[in-house]
Amino acid sequence: MRAAILGIVGAIGLAASGAALAEQGEDLGFSDAQTARAVETFNSGADGCEAAPVEYRADCFQQVFGQTARGIAKASAYWEAEVALTRVKRNLYTFVRSNTDSGASRLKVNGARAKAVTQAAIPQARALFQASVDQAVGVLQNGSAAEKRFFQPIAEAVAARRDALN
């Protein structure tokens with residue numbers, strides 16, 4: 001009986017310490033290293049996109065958002081962040097596909113080939129990009145305490161590029 005009580009007390013202690021770790025974001029799949037990799041992947045790609053002519057940026061950014069989402073896809077704790085980034089990627093992919101400038105050649109940016117959108121579509125691309133970025137940032141900033149802690153650097157990186165199609 002005494003052993004059973006000690007076992008229960010020990011289990012409660014472990015559960016309490018696990019809850020404390022979970023509150024801090026540890027032991028749930030979150031990590032500073034994973035977040036830093038996502039931010040680095042995004043910023044590195046975004047730098048290349050911003051150096052490209054504006055008509056290529058929508059396609060370039062759709063690739064960067066996709067690459068960043070794939071980089072966190074295996075960390076299940078980052079599921080909400082992955083969904084938010086993938087949504088931006090899909091919005092841009094669909095837009096580029098519908099508004100590709102068939103007369104423009106592809107341009108190599110960040111090691112991949114980007115398609116140009118027509119000059120007439122650039123204002124729409126800009127509006128779609130800004131709305132998609134705003135939506136992603138909102139998702140990244142509105143999670144649990146642990147999500148907020150680990151998603152905030154990603155949200156800041158994404159928000160910093162909001163005007164990248166200007």
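## Aromatic pairs

Rings of Phe, Tyr and Trp count as a pair if their centres lie within 6.5 Å. The structure described here is a predicted model, and a search of the whole of it finds 8 aromatic pairs. A pair of aromatic rings is described by the distance of the centres and the angle of the planes.

One of the pairs joins Phe30 and Phe150. The ring centres of Phe30 and Phe150 are 5.2 Å apart and the planes make an angle of 10°, a stacked arrangement. Phe30 sits in the loop between helix 1 (2-24) and helix 2 (32-51), whereas Phe150 belongs to helix 6, so the pair ties together parts that are 120 residues apart in sequence. Both residues are buried: Phe30 has a relative accessible area of 9%, and Phe150 has one of 1%. Phe30 and Phe150 also belong to one aromatic cluster, together with Tyr78 and Phe151.

Phe61 and Phe129 form a pair with ring centres 5.0 Å apart. The planes of these two rings stand at 55°, so the pair is tilted. Phe61 is in helix 3 and Phe129 is in helix 5, and the pair links distant parts of the chain, 68 residues apart. Phe61 is buried, at 0% relative accessibility. Phe129 is likewise buried, with a relative accessible area of 0%.

## Packing of helices 3 and 4

Helix 3 covers residues 54-72 and helix 4 covers residues 79-99. The two helices pack at an angle of about 155°, and their axes are 8 Å apart. Angles over 145 degrees count as roughly antiparallel, so helix 3 is roughly antiparallel to helix 4. The crossing of helix 3 and helix 4 is left-handed.

On the side of helix 3, the contact is made by Ala58, Asp59, Phe61, Gln62, Phe65, Gly66, Thr68, Ala69 and Ile72. Helix 4 contributes Ala81, Glu82, Leu85, Thr86, Val88, Lys89, Leu92, Tyr93 and Val96. Sorted by class, the contact of helix 3 with helix 4 has 11 nonpolar, 4 polar and 3 charged residues.

## Val158 in helix 6

Val158 lies in helix 6, which runs over residues 145-160. Its relative accessibility is 1%, so Val158 counts as buried. Apart from its neighbours within four places in sequence, Val158 is in contact with Phe42, Phe65, Leu85, Val133 and Val137. Of these partners, Phe65 and Leu85 are among the residues that make the contact between helix 3 and helix 4.

Val158 and Asp134 are 24 residues apart along the chain, and their C-alpha atoms are separated by 8.8 Å.

## Ser132 in helix 5

Ser132 is part of helix 5, which spans residues 122-141. Ser132 is buried, with a relative accessible area of 3%. When neighbours within four places in sequence are left aside, Ser132 is in contact with Val88 and Asn91.

## Asn110 in the loop between strands

Asn110 is found in the loop between strand 1 (107-109) and strand 2 (112-114). Asn110 has a positive phi of about 55°, although it is not a glycine. With a relative accessible area of 44%, Asn110 is partly exposed.

Key:
Residues numbered from 1 in each chain as written. Predicted model: local features only at pLDDT ≥ 70, side-chain atom pairs only at ≥ 80, totals over all residues. Heavy atoms only, no water. Helix = DSSP H or I, 4+ residues; strand = E, 2+ residues; numbered from the N terminus. Buried < 20%, exposed > 50% of the residue type's maximum accessible area, 1.4 Å probe, protein only. Contact = heavy atoms within 4.5 Å. Axes fitted to C-alpha atoms, helices over the stretch in contact; angles between N-to-C directions. Parallel < 35°, antiparallel > 145°, perpendicular 65-115°, else oblique. Left-handed = near helix turned anticlockwise from the far one by under 90°. Nonpolar A, V, L, I, M, F, W, Y, C, P; charged D, E, K, R; others polar. Phe/Tyr/Trp six-rings, centres within 6.5 Å; stacked < 30°, edge-to-face > 60°.
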